Structures are given as structure tokens and as C-alpha cells.
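My notes follow in the order in which I looked things up.

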Amino acid sequence: MQQGTLMRKVKSKSWKKQRFFKLQEDCMTIWYQSKRTGKTESAFSISDVETVREGHQSEVLQSLAEEFPPERCFTIVFYGRRGNLDLIAGSAEEAQCWVQGLRQLIEPRSFPLTFALVSLTWIRDWFQKADKNKDGRMNFKEVQHLLKMMNVDMNEDHALRLFQDADKSESGTLEGEEFVLFYKALTQREEVLSLFQEFSEDGKKLTLLELVDFLRQEQLEDEGTEEMAMELIDKYEPSETARARHVLSVDGFLMYLCSPEGSIFNPQHRALWQDMNQPLCHYFISSSHNTYLIEDQLRGQSSIEGYIRALKRGCRCLEVDCWDGPNGEPMVYHGHTFTSKIPFREVVSTLGKYAFKVRHPSPGQNPPIPPPPACQRELAVLAPSSAGSQGKQASWRSWATQSASLSLTPQELKHKILLKGKKIGRLEDMLDGPGDEVPDVSDDDNGAEAEEERRRAKVVLDDTPSTQHSSALQKDKETLAQALSDCVIYCKNVSFRGFQEARSHSRPSEISSLSEAKARKLIRDAGNEFVRHNAWQLTRIYPSGMRTDSSNYGPQEMWNVGCQIVALNFQTAGTEMDLCDGLFSQNGRCGYVLKPPFMRDEETLFNPSDPSSREGPGPITLTIQVISGQQLPKVANSKDIIDPLVRVEIHGVPADQAHQETKYIENNGFNPHWDETLQFQLHVPELALVRFVVEDYDKTSRNDFVGQFTLAFANIKAGYRHIHLLSKDGTSIPPSSLFVHIRITE
């Protein structure tokens with residue numbers, strides 16, 4: 001890999017260009033150049049790579065299956081929304097060399113090693129960027145240029161003093177370890193040193209008892225603190241001598257504060273920590289809208305990557321928009337638009353590969369508009385056979401009867417795939433066979449486009465004689481193939497005709513879908529009834545058909561009334577997806593979050609518009625001291641040093657919605673200090689999400705986004721904590737972080 005390999009970079013059937021790929025000496029960077037021009041085209045960091053797929057595991061490589069064997073093909077998948085890199089090696093041996101090599105380089109490591117590697121990689125990256133003449137040394141002029149690139153506006157005299165202190169050889173340049181010394185001096189954390197010295201008697205080390213005092217008094221760790229202190233020293237103290245003496249140095253203290261144990265996010269809530277044996281309707285469920293789209297709703301690309309990305313983000317409810325295709329084969333795309341199409345067969349095959357890659361309860365499939373009956377029968381055959389053993393009809397039928405009357409739990413649904421859709425007759429009648437009468441067909445309610453079609457159909461029906469009207473209804477019942485109907489053994493679609501009607505005639509195994517506008521009206525007019533309804537039956541919310549740009553509505557108001565399946569466009573970055581990722585980043589990222597007790601009670605008095613209706617303790621106060629920032633990135637496509645400010649947003653019930661921000665720090669994105677305190681009162685903390693946003697202040701136009709981190713209030717740890725920032729598309733941007741102190745009082 002370090003010698004370099006000539007491979008084909010592929011973008012389509014017709015775009016196949018040869019490129020020379022090479023792993024750099026740091027083993028952390030790969031660059032590639034055109035064979036024809038010799039010009040370096042691009043480079044990427046190993047830390048940007050999520051996984052490597054072998055063979056024809058992308059749509060582009062599948063289209064070239066007859067031309068190139070799978071042994072020579074592989075796909076590099078990046079974090080976030082960055083496009084994949086499809087490559088074809090000259091031989092199977094070369095392909096394996098890169099596949100196995102990349103997998104070893106991206107193999108997960110323990111956090112201390114990862115933290116050290118991040119710092120080392122950061123130093124190497126900046127050294128290479130600043131070393132203009134590539135002689136392996138850096139003069140003071142290059143150092144000044146480096147500081148500007150690193151988001152630092154430093155006094156020249158101070159910069160020269162740091163440079164001279166690091167230049168141990170007195171050569172007038174920095175190289176190797178000298179640059180590391182310069183970097184360490186540049187990144188010294190005075191606020192951490194001050195905190196360390198508050199608890200250290202000699203100012204040089206924390207004894208075991210001093211560390212225990214810090215953990216109890218400041219971090220509010222109240223169980224097993226001595227054992228925890230020992231573990232932290234063993235895990236994060238870099239000096240073997242200090243570890244043997246059970247003491248923690250300043251470096252070890254900083255390593256701890258930057259670790260998962262020092263994060264604002266409670267590490268115990270990263271794992272599966274909630275009860276998974278409650279009825280399905282008692283959970284918020286991570287859900288996507290038009291999952292197959294990776295762009296807009298009119299002309300965007302449909303791709304199996306949409307399903308893979310959503311599933312990897314913990315999404316549990318996917319949308320499969322099926323339409324009749326050539327030769328009766330069902331196709332997936334956004335109907336009545338110019339979006340591209342993908343075979344349903346490929347979608348189901350992808351679900352079979354990725355639905356249970358991570359430890360997850362069952363995903364649900366949501367096919368919005370049924371295709372013609374012949375195609376439906378093909379759908380029904382494909383679904384069980386292509387999804388693997390999880391989807392076999394026999395296993396579905398074995399518990400179909402109980403699912404019709406009971407509320408199944410995520411634990412019971414593990415490794416099963418549910419089909420949400422129309423149903424002929426009642427779920428209880430599924431095993432009885434067809435009767436003499438034409439059975440009722442449940443209403444389909446998915447998608448704004450379907451709703452628009454129903455409105456048009458309603459106009460026609462109103463003008464049609466009653467005999468023709470009856471005939472039309474009979475025909476509609478006949479359009480649903482029995483084989484596809486039999487696949488629906490839970491989550492039967494029913495129209496929503498009011499809360500009283502649902503209470504009288506609906507069952508827990510049924511589900512209604514509502515447009516965002518209809519949901520808002522119900523929230524406004526009957527908030528408590530909506531909460532009660534969602535305590536025993538599933539509700540799905542979908543975006544307005546006017547959102548052709550794939551924008552999202554705010555999910556928080558839907559969660560406030562307990563709506564479980566709040567479908568969002570996962571391909572569109574922004575506050576709405578930050579909130580979604582923030583809510584579902586807990587509980588093992590399994591895509592299920594248990595609703596608070598007062599939202600699981602069918603007789604609850606809770607109404608989000610009236611916080612006093614919530615049973616439980618009174619409001620709590622959240623106090624956040626924003627202390628400092630570390631190595632914040634520049635704004636995309638800008639060379640200017642940023643003027644950062646921090647805004648903290650509370651998303652929850654209307655009474656809790658709030659935001660406050662710090663002042664901006666001029667020309668310092670490297671180590672800004674704010675030392676400002678923000679305070680919020682939360683009336684319903686169980687529903688609150690807290691979003692930390694860093695922006696580049698601009699007095700003449702809108703501030704530019706720098707980074708963010710969002711989490712549920714329930715997952716916040718008190719004390720001195722680091723917040724590890726994420727990019728706009730939700731990927732980590734190490735080592736960028738905020739340092740804060742959190743206090744929670746009743």
C-alpha cells in the first residue's frame with residue numbers, strides 16, 4: 001500500500017479512470033493521482049473511513065458485474081453523507097491487499113490509544129500542511145502560517161518565544177520532537193491545570209484519595225468511587241511509575257477528562273440500558289421517510305445506500321415505495337416524479353445484509369403505495385425469500401394470532417421484520433382463510449402524494465352515481481393481492497377518524513399515519529387525548545408533500561405527545577436530524593427509546609401545553625458554565641480565523657423551549673475561553689433535548705455553523721465535562737471539543 005497501486009476509480013458504467021493510490025508514511029492518509037497527468041487529485045484520512053465492502057456491493061459495481069469479477073472490486077465507505085469510493089484493482093491479490101490493509105488500519109481501538117493517535121495524527125497533519133518546502137523542518141515564517149491555518153491569532157512575540165523554547169537544537173527550525181514540544185506548549189490547558197491544582201496538595205499529582213475527592217465533589221460520582229479512581233489511573237495515566245504508585249499526573253487527568261468517562265454523555269447510557277419488554281407503542285422509534293432517496297424528492301437519486309446509511313444510524317422504520325416495473329418486477333422510487341429507480345429485489349437483499357448488523361430490535365418496513373396485483377404477488381414472494389430466515393412466512397404465522405390482539409415488545413420482535421401496510425380483513429382472521437363476503441381492506445395513508453391522490457379521487461367519487469361508487473369500492477378491494485396482505489401480521493394501516501373512533505374500533509396492532517399538518521392540529525386542539533392515544537396505539541408522522549427539497553419538520557412537538565414513528569428525511573442535515581440523532585444516540589443506538597412513565601399511562605392527564613399536568617417533582621434548574629473550546633474547525637471553504645460563540649438550545653415542551661448564547665471570542669478558534677454561565681429551567685426534563693452549537697459570529701450576515709452536539713437531558717452527567725463536537729452531517733471532528741461545568745438542581 002505504501003508502494004502504491006494503480007486501480008480504476010469508477011463512478012458509472014462509462015466513467016472508469018485509472019488512478020494511482022498510495023498510503024502515506026504516517027499510515028493515516030491515502031492520496032491518489034491521475035495516471036495521465038500525474039497530478040494529485042485528492043486525499044483522505046483513514047479516520048474518515050467507516051468500512052470497506054468486498055465485491056459488487058454498490059450499485060455502480062453491480063452494473064459492471066459482467067465486465068469485472070467481484071474478487072477485484074471493493075468499495076470504501078466514508079462516515080456521514082460523503083459519497084462512497086468504488087475501486088477495481090488489477091488483480092484479486094491487489095484488491096485483498098487493500099481490503100485487508102484498510103480494515104486493519106480502521107479497526108476499533110481502545111479510547112486512550114485512539115485519543116493519543118488523534119493527537120499524533122493532528123500534529124503530523126499540521127506539520128505536513130505547514131512544511132511548505134517539504135524539507136522536514138519548519139522555520140518561524142512557516143510556523144506563523146501554521147498558526148493561521150490552525151485558527152490561532154497569536155501575538156508575534158509570544159509565538160516567537162514558544163518557537164525558541166521548542167528549538168532545543170538552536171537551529172532556527174523545528175523538526176521531529178521539537179515540533180511536538182511546540183505543539184504541546186501551544187495546546188497547554190491552563191483551565192485544566194488550575195482545576196487539577198485545586199485538588200492536588202503538591203500541584204504535581206493527584207493521589208488516589210485526592211482523585212476520589214474530585215470524583216465525589218465535582219463529578220458527583222457516588223458509587224464505587226475508589227474502584228473507579230483506580231480504574232481511571234490504570235486506564236489513562238501514561239507514566240508507568242505513576243500508575244505503580246496509584247497517582248494521576250496532569251497528563252493523565254487531561255486524558256480522563258477527554259475520555260468517555262469525562263464526557264457530558266453518561267457512558268452507562270451508551271449501552272442498552274432501558275427495559276425492552278414494554279409494548280411497542282411505549283417507545284420512540286427511529287424512523288425515516290422515503291429511505292431510498294439520497295437527494296431531493298423530485299429528481300433525486302434512489303439508492304440502496306439510503307437504506308444502508310439509515311440502518312447504520314439506528315433507523316428501525318424504513319420506507320419502501322414500490323411500483324410496477326418492467327416485466328412485472330417491482331421497482332422502488334418516488335412515484336409520479338423523476339427520481340431514479342432501484343429494483344425491490346436489491347432493497348430486500350440489502351435489508352437481509354444490514355438490518356441486524358448491530359444489536360437492534362426489529363425494523364419495520366413501510367411500503368407506501370401498493371403496486372398492481374401481479375407485481376404485489378412478486379413482492380410477497382420476494383420479501384420472505386430475500387430477507388433471509390428473519391422473514392419466513394412460517395415464523396410469521398406462528399405468532400400471527402397473538403400479535404393481532406397483544407402489544408408485542410421490542411424484545412419479542414428481535415430479528416423479525418414487520419411489514420406495515422394494507423390488510424384484507426382483520427388480523428385475527430388471517431389463519432381462517434377467505435370467507436364468502438368480500439373482506440374490508442384497510443386504508444393506505446402513506447405519503448403526501450397518496451393523500452393528494454385520495455383528495456382527487458374523492459372529488460370524482462362525489463360526482464359519481466351510487467352504483468358506480470359501490471363498484472369502485474369493490475374494485476379497490478380487489479386491487480390488493482392476498483399474498484401481500486398475508487405478509488401484514490402486525491402494523492395494519494387504518495385511517496384515523498378521531499380519538500373516540502380509534503378507542504372504540506381500533507386495536508393496539510393497528511397504526512395510523514398522519515401528515516405533519518394534521519398532527520400539529522391535533523396537538524393544538526387535543527394534546528392530552530393525543531398522548532393517551534399514543535399510550536396504546538402506534539402513530540406515524542410523515543413530512544408535507546410540499547417539502548420537495550427533502551427538508552424536515554421539527555420532530556420534538558411530535559415526540560411531546562408520544563408519537564412513536566416520526567419519519568424524517570435522513571439524507572438532509574440540520575437541526576431536525578441533530579435532534580433525532582441526539583435522542584437515539586442512547587440505549588445502545590438500537591433505535592428504540594422508552595417513553596417516560598406519564599406517557600405510557602392510558603389515563604394520563606399530561607398535556608405538553610400545560611407542564612403542571614405532569615405528575616412528578618417540580619421544575620429543575622440546569623446550569624451550564626461554558627469554559628473553553630479546543631481546536632475548533634474553520635468554516636467550510638473559508639481560510640479566515642473564526643470568531644466562535646456557543647449557543648445552548650433546549651428543545652422540549654413549549655414552556656421549556658429556550659436558547660442562550662455566550663459572547664463571541666475574536667480571532668481564536670484554537671483555544672477560546674468564554675467562562676460564561678447559562679441557566680435554564682426545565683418543567684418536563686424527561687422530554688428535553690439539549691443542543692450545543694458553535695458558530696462563527698458575523699455581524700453583517702447569518703452566523704456560520706462550526707460544530708454541534710445534541711443529547712437527551714436524561715443522559716447528561718454533572719460536573720466538569722468535555723463535549724466532543726460533531727460536523728453538520730453528524731460525524732465526529734476530533735479533537736474539536738467544548739469544556740463545560742454542569743450543575744443540576746431541583
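**Entry 1: a bridge in β27.** I began with Gln-625, whose bridge partner in β27 is His-741. The two strands involved are β20 and β27 (residues 732–745), which pair in the antiparallel sense over nine bridges. I counted two strands as paired if DSSP finds at least two bridges between them. Strands of a sheet pair through backbone hydrogen bonds, either parallel or antiparallel.

**Entry 2: ground rules.** I noted that this is a predicted model, in which local features need pLDDT of at least 70 and side-chain atom pairs count only at pLDDT 80 or more, while totals for chains, interfaces and linings use all residues. Residues are numbered from 1 along each chain as its sequence is written, and side-chain values use heavy atoms, with hydrogens and water left out.

**Entry 3: the rest of β20.** I then looked up the other partner of β20, which is strand β23 (residues 673–682); eight bridges join the two, and they run antiparallel. Here Ile-624 of the pairing stands opposite Leu-678 in β23. Is β20 buried or exposed? Strand β20 (residues 620–630) has 10 of its 11 residues buried, so it is largely enclosed by the rest of the structure. Buried means under 20% relative accessible area, exposed means over 50%, and partly exposed lies in between (1.4 Å probe, protein chains only).

**Entry 4: whole chain.** I wrote down 23 helices and 27 strands. These are DSSP runs numbered from the N terminus: helices are H or I with at least four residues, strands are E with at least two. Of the 746 residues of the chain, 53% count as buried. Among contacts in the chain with a separation of 6 or more, 68% are between residues 24 or more positions apart; contact means heavy atoms within 4.5 Å.

**Entry 5: α8 and α9.** Helix α8 (residues 208–217) packs on helix α9 (residues 225–236) at an angle of about 115 degrees, with the axes 9 Å apart. That makes α8 roughly perpendicular to α9. Angles of 65 to 115 degrees count as roughly perpendicular, under 35 as roughly parallel, over 145 as roughly antiparallel, and the rest as oblique. The axes are lines fitted to C-alpha atoms, for helices over the stretch in contact, and angles run from 0 to 180 degrees between N-to-C directions. The residues of the contact of α8 with α9 divide into nine nonpolar, one polar and two charged. In α8, I found Glu-210, Leu-211, Val-212, Phe-214 and Leu-215 buried. The buried residues of α8 pack against α7 (190–199), α9, α11 (250–257) and β26 (719–726).

**Entry 6: α4 and α6.** Helix α4 (residues 140–149) and helix α6 (residues 177–186) pack at about 45 degrees, with axes 13 Å apart. That makes α4 oblique to α6. Which residues make the contact? They are Val-143, Leu-146 and Leu-147 of α4 and Phe-179, Phe-182 and Leu-186 of α6.

**Entry 7: an open sheet.** Last, I looked up three strands that form an open sheet in the order β10-β11-β12, with antiparallel pairing. The edge strands are β10 (322–324) and β12 (342–343), each pairing on one side only. Strand β11 (residues 330–332) pairs with β10 over three bridges in the antiparallel sense, and Cys-322 stands opposite Val-332 in β11.

Definitions and conventions:
Nonpolar A, V, L, I, M, F, W, Y, C, P; charged D, E, K, R; others polar.
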